[in-house]
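Please keep the sequence and the model in view while going through the points.

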Amino acid sequence: MREALALARDAAARGEVPVGAVALLDGEIVGRGANARESAHDPTAHAELLAIQDAARTLGRWRLTGVTLVVTLEPCAMCAGAMVLARIDRLVIGANDPRAGATGSLMDLSQDARLNHRFPVERGVLGDECGELLRAFFRSRRGNGDRSEGAGK
């Protein structure tokens, strides 16, 4: 989670919502991602998707069995859906996202029996630190008169 937090801080420094993600296989980082929607002009450039793509390139396969994804903020429906499709083995979350979280908060795609893959979710790893990074980012935006998106990625 510390590496994901470092990626999230880098994203914040670039004016992106501070979310970071790392993909681990056998304890080694095989993929990294940080939000890049603003800089990439891409609504799908979420940290989780970028980490999944990086891991797939690193491993040379799209089925990411054996991979744990560690992310600073609970994934949205798009990212949780990608985790199902990629066959991620496990998800570790820092902060919950009650407004858009799709792995237990708003809905739970990680355990939906209608889908072809399910994975366990561990919550709250460095959750206070992950949550405070997001709160500080949005406080600073409001303080500068920026009224862009409130929460989420």
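1. Helix H1 (residues 2–13) packs with helix H5 (residues 127–143) at an angle of about 5°, and their axes are 11 Å apart. Axes here are lines fitted to C-alpha atoms, for helices over the stretch in contact, and angles run from 0 to 180 degrees between N-to-C directions. H1 and H5 are therefore roughly parallel to each other; angles under 35 degrees count as roughly parallel, over 145 as roughly antiparallel, 65 to 115 as roughly perpendicular and the rest as oblique. Helices (H or I, at least four residues) and strands (E, at least two) are DSSP runs, numbered from the N terminus.

2. The model is a predicted one, in which local features need pLDDT of at least 70 and side-chain atom pairs count only at pLDDT 80 or more, whereas totals for chains, interfaces and linings use all residues. Residues are numbered from 1 along each chain as its sequence is written, and side-chain values use heavy atoms, with hydrogens and water left out.

3. Which residues bring H1 and H5 together? On the H1 side they are Arg2, Leu5, Ala8, Arg9 and Ala12, and these meet Glu129, Cys130, Leu133 and Phe137 in H5. Contact means heavy atoms within 4.5 Å. By class, the contact of H1 with H5 has 6 nonpolar, no polar and 3 charged residues. In this scheme Ala, Val, Leu, Ile, Met, Phe, Trp, Tyr, Cys and Pro count as nonpolar, Asp, Glu, Lys and Arg as charged, and the others, Gly among them, as polar.

4. The structure holds 1 aromatic pair. Phe137 and Phe138 form this edge-to-face pair, with 5.1 Å centre to centre and 80° between the planes. Rings of Phe, Tyr and Trp (its six-membered ring) pair if their centres lie within 6.5 Å; planes under 30 degrees apart count as stacked, over 60 as edge-to-face and the rest as tilted. Phe137 and Phe138 are both buried. Buried means under 20% relative accessible area, exposed over 50%, and partly exposed in between (1.4 Å probe, protein chains only).

5. Thr72 belongs to strand S3 (residues 67–73). Is Thr72 buried or exposed? Thr72 has a relative accessible area of 2% and is buried. Leaving aside neighbours within four places in sequence, its contacts include Leu5, Ala8, Val19 and Cys130. Leu5 and Ala8 of H1 and Cys130 of H5 also take part in the meeting of the two helices.

6. Val19 lies in the loop between H1 and S1 and is buried, with a relative accessible area of 0%. Although Val19 and Leu73 are 54 residues apart along the chain, their C-alpha atoms are separated by 6.3 Å.

7. Val22 sits in strand S1 and is buried at a relative accessible area of 2%.

8. Asp26, in the loop between strand S1 (20–25) and strand S2 (28–34), has phi near 55°, a positive value in a residue other than glycine. Asp26 is exposed, with a relative accessible area of 73%. Leu126 is not a glycine either, yet has a positive phi of about 55°; its place is in the loop between strand S5 (121–122) and H5. At 29% relative accessibility, Leu126 counts as partly exposed.

9. Pro98 is in the loop between strand S4 (90–95) and S5 and counts as exposed at 63% relative accessibility. Pro98 touches Ser105 and Leu106, not counting residues up to four places away in sequence.

10. Finally, the chain as a whole. The secondary structure comes to 5 helices and 5 strands, which run α-β-β-α-α-β-α-β-β-α from the N terminus on. The radius of gyration is 14 Å, close to the 15 Å that the globule rule gives for 153 residues, so the chain is as compact as a globular protein of that length. This radius is taken over C-alpha atoms, and the globule rule is 2.2 Å times the number of residues to the power 0.38. Of the 153 residues, 46% count as buried.
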